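This report is written for a reader who meets the structure here for the first time. The sequence and the model are shown below, and the sections that follow take up selected features in turn.

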Amino acid sequence: MLTGQTIALRPFEPRHFETSVRWVNDAEIARMVDRVRPVTREDEQNWYRHMLADPTQVLFAVEMLQEERHVGNCGLKGIDPRIRKAELWIYLGEKSIWGRGVGQEAMRLLLRYGFQWLNLNRIWLHCPEYNDRALRLCQRCGFKPEGQLREDVFQDGRYWNSVRLSLLRSEWKA
């Protein structure tokens with residue numbers, strides 16, 4: 001478990017399925033994470049089994065400390081111990097906590113885990129250009145834009161670019 005001031009990143013467990021399924025089937029959240037098809041509990045269980053079996057991935061549930069309430073999920077995937085890099089992903093499903101710094105705290109804990117515990121040198125992600133909230137979060141956490149994947153996402157009846165961002169260990173330390 002990774003503990004911050006208001007949240008903890010705990011290992012994702014089967015008890016987190018119900019809230020996760022509800023979130024990824026919410027139209028607003030699905031749009032932000034570029035999901036287009038509905039997800040069943042069985043889909044979530046299969047995803048979870050796949051994650052557990054893959055040593056290049058780590059998955060956390062974001063929980064509020066005082067309430068012990070599941071509010072989001074995050075993780076690292078494609079962890080490459082030789083090149084020392086991984087892709088970060090995060091989403092907060094409980095809209096009541098949006099704008100309260102929870103995403104930033106979760107991302108900072110996940111970055112600390114990646115750079116200190118996994119000894120990564122580079123953590124990267126990509127984000128649809130229409131997701132302003134996520135892009136601002138990345139900027140506040142020190143991520144630098146690397147480029148765009150042109151017309152990478154189809155959403156709202158049109159194509160959107162994805163922004164690719166990264167943070168190096170040396171930048172994180174600073």
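Predicted model: local features only at pLDDT ≥ 70, side-chain atom pairs only at ≥ 80, totals over all residues.

The buried positions are Phe17, Thr19, Ser20, Val21, Trp23 and Val24.

Is Glu44 buried or exposed? Glu44 counts as buried, because its relative accessibility is 5% and the cut-off for burial is under 20%. Leaving aside residues up to four places away in sequence, Glu44 touches Phe12, Phe17, Ser20, Val21 and Val39.

## Salt bridges

The structure holds 12 salt bridges. One of them joins the side chains of Lys95 and Asp26, at 3.1 Å from N to O. This pair links distant parts of the chain: Lys95 lies in the loop between β5 and α4 (102-117), while Asp26 lies in the loop between α1 and α2, and the two are 69 residues apart. Lys95 also meets Glu28 in a salt bridge, with an N to O distance of 3.0 Å. Here too distant parts of the chain are linked, since Glu28 belongs to helix α2 and stands 67 residues from Lys95, which is in the loop between β5 and α4. Lys95 is partly exposed at 34% relative accessibility. Asp26 is likewise partly exposed, with a relative accessible area of 23%, and Glu28 counts as partly exposed at 37%.

A further salt bridge connects the side chains of Arg69 and Glu67, at 2.8 Å from N to O. Arg69 has a relative accessibility of 25% and counts as partly exposed; Glu67, at 46%, is also partly exposed.

## The largest pocket

What is the volume of the largest pocket? The value is about 1,200 Å³. Of the 43 residues that line this pocket, Met32, Val33, Trp89, Ile90 and Tyr91 are the closest to its centre. Several elements give two or more residues to the lining: α2, α3, β5, α4, β6 (122-128), α5 (132-140) and β7 (144-155).

By residue class, the lining divides into 23 nonpolar, 8 polar and 12 charged residues.

## Phe143 and Gln155

Phe143 is placed in the loop between α5 and β7. With a relative accessibility of 4%, Phe143 counts as buried. Which residues does Phe143 touch, not counting residues up to four places away in sequence? The contacts are with Met107, Leu111, Ile123, Trp124, Leu125, Cys138, Leu165, Ser166 and Leu167. Although Phe143 and Val153 are 10 residues apart in sequence, their C-alpha atoms are 21 Å apart in space.

Gln155 is located in strand β7. The relative accessible area of Gln155 is 12%, so this residue is buried, the limit for that class being under 20%. The side chain of Gln155 makes a polar contact with the side chain of Tyr130, at a distance of 3.5 Å.

## Ser170 in helix α6

Helix α6 comprises residues 169-173, and Ser170 is found within it. Ser170 is exposed, because its relative accessible area is 52% and exposure requires a value over 50%. Along the chain, Ser170 and Phe115 are 55 residues apart, and their C-alpha atoms are separated by 9.7 Å.

Key
Residues numbered from 1 in each chain as written. Heavy atoms only, no water. Buried < 20%, exposed > 50% of the residue type's maximum accessible area, 1.4 Å probe, protein only. Helix = DSSP H or I, 4+ residues; strand = E, 2+ residues; numbered from the N terminus. Salt bridge = Lys/Arg side-chain N within 4 Å of Asp/Glu carboxyl O. 1 Å grid on protein atoms, 1.4 Å probe; cavity = no way out; pocket = protein on both sides within 12 Å on 5 of 7 lines; lining within 4 Å. Points joined across faces, edges and corners; volume = space filled by probe spheres on them. Nonpolar A, V, L, I, M, F, W, Y, C, P; charged D, E, K, R; others polar. Polar contact = N/O pair within 3.5 Å; in protein donor to acceptor, adjacent residues only side chain to side chain. Contact = heavy atoms within 4.5 Å.
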